[in-house]
Amino acid sequence: MLLLHGWGVAGACFDPLAQALGEGWHVVVPDLRGHGASSPLSPDQGFDTLVDDLRQLLIALDLRESVVVGWSMGALLAWALANGEAEGRVAGLCSIDMVPRLLNHADWHFGLRDGRDSSIYAEVARRMRENWPAFMRIFVPRVFARGTHSKHQAACEALIEMGKVNDPASMAQLWLSMVEQDLRDALARIDCPTLVTYGEQSLLYEPAASQWVAAQLPDARLQAFAQSGHAPHLEEPEQFTRELLAFMATVDDRSR
């Protein structure tokens, strides 16, 4: 199982899930380039660089029949990876509250809820470069369902702390690169089973967005989390783990 974290944090965001899975699973949790213990991005690198990194990781570790779990940007990477030259190494996918295009347009209304044109994203990138820790203090609480900050305060603080060490220039650069991505057409070419999960109280994306994603995938199962925002694996961890393990069992049966 390959766990891909979201933009701005690090692989440690999956520590509770990795521990809950228990023994018997080969779980790989990298820090994506620009995040955590990984090196910063160079000026000419972006989203595609991370996809290439993951392809090389699958080969270097000789990972086969893997289930790739991607949260937020991690899901975008997982879709790109499965749609590319993964050489059959990806047996299944699980996306966590993500859409194939962040930028809204005349023909696309399922992007980020508070972003309607590209100028907003450029301004956000400027704020990141100016004061990344302050930006994280504003951004991370929106990951959780509204009104649940006290309930998830420890998880919120953990995300802020793990993200504060990230290189601001890399974060801004990757943010702008991610905004340019459009994987809507790629979804129909993903032939492995996929579990599409989302939080019904997400402040970032509408529930209808994940429903649209599931409808585009050839072999998808949709799972909602009623008490979650953008991070069901942190907000409803026990239910999320149960659903993921049940999905893993179906992938395992198919691969035999």
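Q: Is D97 buried or exposed in this predicted model?
A: The model is predicted, and D97 has a relative accessible area of 1%. Buried means under 20% relative accessible area. The value of 1% therefore places D97 in the class called buried.

Q: Which loop holds D62, another residue that is not a glycine but has a positive phi?
A: D62 has a phi of about 55°. With a relative accessibility of 43%, D62 counts as partly exposed. Its place in the chain is the loop between α2 (47–60) and β2.

Q: Is D191 buried or exposed?
A: D191 belongs to the loop between α7 and β4 (194–199). Its relative accessibility is 60%, and the class called exposed begins over 50%. D191 therefore counts as exposed.

Q: How many Å separate D191 and P218 in space, C-alpha to C-alpha?
A: Along the sequence, D191 and P218 are 27 residues apart. In space, the distance from C-alpha to C-alpha is 6.3 Å.

Q: Which residues does H149 touch, leaving aside its neighbours within four places in sequence?
A: H149 sits in the loop between α5 and α6 (153–164). It is partly exposed, with a relative accessible area of 40%. Its contacts beyond those neighbours are with P141 and C156.

Q: What is the relative accessible area of M171?
A: M171 is part of helix α7. Not counting residues up to four places away in sequence, M171 touches W7, G8, G34, H35, M128, W132 and N166. Buried means under 20%, and M171 is buried with a relative accessible area of 0%.

Q: How many Å apart in space are M171 and L41, C-alpha to C-alpha?
A: In sequence, M171 and L41 are separated by 130 residues. In space, their C-alpha atoms are 8.7 Å apart.

Q: Which residues lie nearest the centre of the largest pocket?
A: The largest pocket has a volume of about 570 Å³. Its lining is made of 28 residues. Those that lie nearest its centre are V124, F135, F139, R142 and W175.

Q: Which element gives the most residues to the lining of the largest pocket?
A: At least two lining residues come from each of α4 (118–130), α5 (132–139) and α7 (168–179). The element that gives the most supplies 5 residues, and it is α4.

Q: Which element gives the most residues to the lining of the second largest pocket?
A: The second largest pocket holds about 260 Å³ of space. It is lined by 16 residues, and M1, W25, E65, S66 and M248 lie nearest its centre. Two or more lining residues come from each of β2 (66–71) and α10 (237–255). With 5 residues, the element that gives the most is α10.

Q: How many charged residues are in the lining of the second largest pocket?
A: This lining has 9 nonpolar and 4 polar residues. The number of charged residues is 3.

Q: Why is the protein said to be as compact as a globular protein of its length?
A: The protein is built with 10 helices and 5 strands. For 256 residues, the globule rule gives a radius of gyration of 18 Å. The protein is as compact as a globular protein of that length because its own radius of gyration is close to this, at 17 Å.

Q: What percentage of the residues in the protein is buried?
A: The C-alpha trace spans about 50 × 40 × 40 Å along its principal axes. The accessible surface comes to about 11,100 Å², and 49% of it belongs to carbon and sulfur atoms. Of the 256 residues, the buried ones make up 54%.

Q: Among contacts with a separation of 6 or more, what percentage joins residues 24 or more positions apart?
A: The contacts considered here are those with a separation of 6 or more in the protein. Residues 24 or more positions apart account for 75%.

Methods
Residues numbered from 1 in each chain as written. Predicted model: local features only at pLDDT ≥ 70, side-chain atom pairs only at ≥ 80, totals over all residues. Heavy atoms only, no water. 1 Å grid on protein atoms, 1.4 Å probe; cavity = no way out; pocket = protein on both sides within 12 Å on 5 of 7 lines; lining within 4 Å. Points joined across faces, edges and corners; volume = space filled by probe spheres on them. Helix = DSSP H or I, 4+ residues; strand = E, 2+ residues; numbered from the N terminus. Nonpolar A, V, L, I, M, F, W, Y, C, P; charged D, E, K, R; others polar. Rg over C-alpha atoms; globule rule 2.2 N^0.38 Å. Buried < 20%, exposed > 50% of the residue type's maximum accessible area, 1.4 Å probe, protein only. Contact = heavy atoms within 4.5 Å. Areas by Shrake-Rupley, 256 points an atom, 1.4 Å probe, with all protein chains shown as cover.
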